[in-house]
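Visitor: I am new to this structure. Please take me in for a close look at a single part, and then show me how other parts compare in their setting.

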Amino acid sequence: MIRISVRGLVEFLMRSGDIDNRHVGVTEKAMQEGTRIHKMIQSGMGPGYEAEVPLSHVVCVNSENGDEIYLQIDGRADGIFEMDDCIFIDEIKSVYRDVNKMKEPEGVHLAQAKCYAYIHALQMELGEIGVRMTYVSTENDNVCYFDEKYSFEEVSAWFEALIDEYKKWLELEGSHKKARNESIQGLPFPYPYRSGQKELVENVYKTIYHRRKLFLEAPTGVGKTLATIYPSVMAIGNEMGEKIFYLTAKTITRTVAMEGFQILKERGLVFKTVVITGKEKICMSKPENPENGMPCNPEECPYAKGHFDRVNDCLYELLTEEKSIDREVIIKYAEKYQVCPFELSLDVSLFCDAIICDYNYVFDPHVYLKRFFAEGTGTDAIFLVDEAHNLVDRGREMYSAELYKEDFLDLKRLVKEELPGIAKQLEACNKEFLSLKRKYPGTSVDVPVGSLQLAIDSLSKSIGKFLEDRKLAEKFKHLRQPILNFYFEISHFLMIGDLLDDHYVVYTKHEDDGRFLVKLFNVDPSENLYECMARGRSSILFSATFLPIQYYKKLLGGSNKDYEIYADSTFDPTKRGLFIGTDVTSKYTSRNEAEYRKIAAYIMNIALEKKGNYMVFFPSHAFLKSVYDIFAAENNKNNEVSCLIQESNMKEEEREAFLAKFQEKRNEGEDEKTLVGFCVLGGLFSEGIDLKHDELIGAIIVGTGIPQVGEERTILKDYFDEREGNGFDYAYRFPGMNKVLQAAGRVIRTSDDIGVVALLDYRFTLPEYKKLFPREWSNYSEVNRKNIGYNVCDFWDSF
């Protein structure tokens with residue numbers, strides 16, 4: 001069975017012309033306004049009006065080779081009512097325009113309504129069916145109707161022609177799914193199971209079967225990538241899923257996922273996979289300042305001009321010829337057909353079995369793939385969320401919103417001469433900000449912002465009207481980009497404002513530079529993330545550092561019905577030397593030259609016991625610099641160690657050059673020096689890098705990773721103190737320990753690796769920290785700076 005939404009079907013077949021993002025903000029705002037307008041129209045139609053009617057229809061199409069292909073078309077009619085002895089389908093559209101000037105309904109909108117009309121007439125055995133197109137202006141709620149009646153024969157012939165046009169796509173997808181499902185039957189796991197790996201595979205499959213979530217703590221080496229991909233593929237073969245979304249926070253893990261699918265393909269799996277690369281990274285027009293907006297319009301981008309006229313031909317050839325579709329494949333076909341590579345990759349995803357992409361494409365309220373999830377009916381998607389510990393902060397970020405008072409004044413100054421109406425509304429918003437600024441000093445929480453939201457909503461509608469008016473937008477072309485960027489910001493604020501509940505804290509802050517901030521802070525993102533995952537069948541969330549697992553389960557939208565598993569490490573624990581420095585700390589109150597000298601001595605004593613590559617992780621760049629200066633001065637006496645420093649805001653090529661030093665083949669001669677990289681805990685090199693064998697033999701971690709004290713950390717602490725009684729854990733200890741575990745995990749990457757991990761802070765000996773140690777950390781040595789060298793020497797001598 002192949003499924004498609006009514007909207008997806010008609011938009012796919014009827015699209016044409018250019019990509020033009022100069023009016024995209026209007027579409028987004030219209031979607032935000034849609035719910036309100038729908039309810040307004042529906043509630044005013046009287047008791048005989050049936051609202052939000054789900055409709056579904058299965059079509060059987062005979063392919064060229066004689067196979068029967070079944071297409072399930074789903075959707076939801078905005079309304080069904082009777083008028084003049086005829087049943088009507090009502091399709092409601094909210095628009096930023098004067099609806100009284102509309103002469104006829106838009107073709108795509110009418111086609112959507114006619115699909116519903118056909119399905120309902122067929123199922124109710126009606127000889128005649130009416131279609132009402134209801135257009136509502138978001139500016140003033142004015143309404144315009146277009147009514148049309150069709151005989152069943154007319155609407156049936158129209159629908160059959162639509163399906164006939166889609167037939168070649170059905171045949172393409174149908175033949176692929178048949179081959180895919182046949183290839184899955186009997187597909188073996190590609191390698192002999194590692195210890196505990198078969199149980200992981202079985203538990204992932206069980207979770208998908210029961211439509212639950214699984215929270216999986218899986219240390220490096222257990223083979224979690226294949227242990228999650230393989231059972232998900234098998235579930236799809238047994239009709240327990242439609243697509244796999246492999247969701248990652250970093251590019252490197254997307255590569256690992258693609259390799260995992262490729263391993264199964266080499267064993268006979270027929271499976272279409274696509275990697276979605278971000279628009280800024282894959283854009284072939286190379287905008288100079290992408291932060292100012294992407295030039296996705298026919299005037300600035302040749303790939304946007306006529307994109308929709310060519311993209312379906314491009315898509316068909318690509319899908320016919322390719323199975324593993326990465327960035328290079330997308331670029332190849334986009335260049336051949338002169339189409340936008342980013343939009344092409346999104347279209348490709350509709351026909352793929354696995355979609356490998358960033359968290360944003362499922363969780364972000366603006367970026368999520370509406371073509372899969374916007375219909376509100378749910379899907380049978382399987383979500384595999386890699387390095388899921390990152391999703392807590394990402395979730396908070398995606399579902400929080402902030403505005404600065406000064407940005408409203410800046411835009412007012414820019415537009416006041418040419419757009420006085422918008423300037424007046426900007427001033428109205430500024431007055432609301434000013435009222436809050438005077439009333440709430442310092443950093444204040446639980447601030448009421450209802451009046452501010454109303455003023456911003458009114459401003460948003462005026463800006464929306466300006467952006468919709470193409471003549472006006474062209475006249476003031478020089479103002480368009482700053483207005484559009486500002487519009488996105490206030491639209492996001494309004495959207496998040498609609499979500500406010502007890503998972504949020506609204507606060508204001510007077511910044512040191514004089515700016516005034518209003519923030520809607522999603523302290524607990526669990527509800528929003530839960531709603532996102534409810535769009536699929538099942539979610540498998542996994543990480544090598546998922547401790548304490550109940551903390552992550554709570555904040556990532558888990559319930560008592562969901563599962564959690566701790567997978568045992570497959571590595572020999574004796575190959576990791578774990579040492580805790582008991583006479584040193586990174587506590588802020590203890591930071592002084594004497595403490596820095598102790599830490600420098602630890603680093604030197606560890607590094608000199610065995611030549612090799614080491615990384616040291618510090619709480620901050622300032623702390624790093626203080627210790628490095630002392631270490632470098634001592635090292636200059638004998639010059640036995642080469643040093644690298646992680647600089648602030650390193651560019652990609654600088655990051656690659658840094659890592660390349662660790663990946664250089666080492667010589668065993670006397671002249672070979674030890675390499676020590678001075679890095680920041682929680683930064684570029686403490687997570688997501690894979691240095692194997694002798695590329696890294698030691699990680700030295702200074703401090704417990706506790707985040708810097710600040711307003712938001714205080715808000716987090718107070719919030720969870722009140723609700724859970726352990727606010728310090730939620731705001732500081734748990735996030736800090738995760739950074740420590742990630743940094744420590746850089747050392748042992750394969751079963752052959754041997755290395756040392758040193759935790760330099762006496763607090764690691766306290767019960768509240770030791771209970772957060774993973775199982776494989778059960779054996780450790782408590783040391784001081786005087787005996788650390790002897791202990792490390794004994795460890796290396798044992799090999």
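Guide: Gln 550 lies in helix 21, which covers residues 549–555. The model is a predicted one. Is Gln 550 buried, exposed or partly exposed? Gln 550 has a relative accessible area of 45%, so it is partly exposed. Buried would need under 20%, and exposed over 50%. Asp 90 is 460 residues away from Gln 550 along the chain. The C-alpha atoms of Gln 550 and Asp 90 are separated by 47 Å.

Stay with aromatic side chains for a moment. One aromatic cluster includes Tyr 551 and Tyr 552. Phe 215, Phe 546, Tyr 719, Phe 720, Tyr 730 and Phe 734 also belong to that cluster.

How many aromatic pairs does the structure hold? There are 44 aromatic pairs. Tyr 596 sits in helix 22 (residues 593–607), and Phe 623 sits in helix 23 (residues 621–635), so the pair ties together parts that are 27 residues apart in sequence. Tyr 596 counts as buried because its relative accessibility is 15%. Phe 623 has a relative accessible area of 2%, so it is buried too.

Next, helix 11. It runs over residues 341–349, and nine of its nine residues are buried, so the helix is largely enclosed by the rest of the structure. Among the buried residues of helix 11 are Pro 341, Phe 342, Leu 344, Leu 346 and Val 348. Charged residues are on that list as well: Glu 343 and Asp 347 are buried residues of helix 11. Ser 345 and Ser 349 are also buried there.

Glu 647, Glu 652, Glu 653, Glu 654 and Glu 656 form a negative surface patch. Glu 654 is placed in helix 24, residues 652–663. Its relative accessible area is 39%, so Glu 654 is partly exposed.

Which residues make the nonpolar patch of about 290 Å²? Met 1, Val 58 and Tyr 70 make it. Met 1 lies in the segment before strand 1 (2–5). Met 1 counts as exposed because its relative accessibility is 57%.

Definitions and conventions: Residues are numbered from 1 along each chain as its sequence is written. This is a predicted model: local features need pLDDT of at least 70, side-chain atom pairs count only at pLDDT 80 or more; totals for chains, interfaces and linings use all residues. Side-chain values use heavy atoms; hydrogens and water are left out. Patches are made of residues with over 30% relative accessible area and no salt bridge: like charges are joined within 9 Å, nonpolar side chains (Val, Leu, Ile, Met, Phe, Trp, Tyr) within 5 Å. Accessible areas come from the Shrake-Rupley method with a 1.4 Å probe; for residues, only the protein chains shown count as cover. A salt bridge is a side-chain nitrogen of Lys or Arg within 4 Å of a carboxyl oxygen of Asp or Glu. The place of a charge is taken as NZ of Lys, CZ of Arg, CG of Asp or CD of Glu. Helices (H or I, at least four residues) and strands (E, at least two) are DSSP runs, numbered from the N terminus. Buried means under 20% relative accessible area, exposed over 50%, partly exposed in between (1.4 Å probe, protein chains only). Rings of Phe, Tyr and Trp (its six-membered ring) pair if their centres lie within 6.5 Å; planes under 30 degrees apart count as stacked, over 60 as edge-to-face and the rest as tilted.
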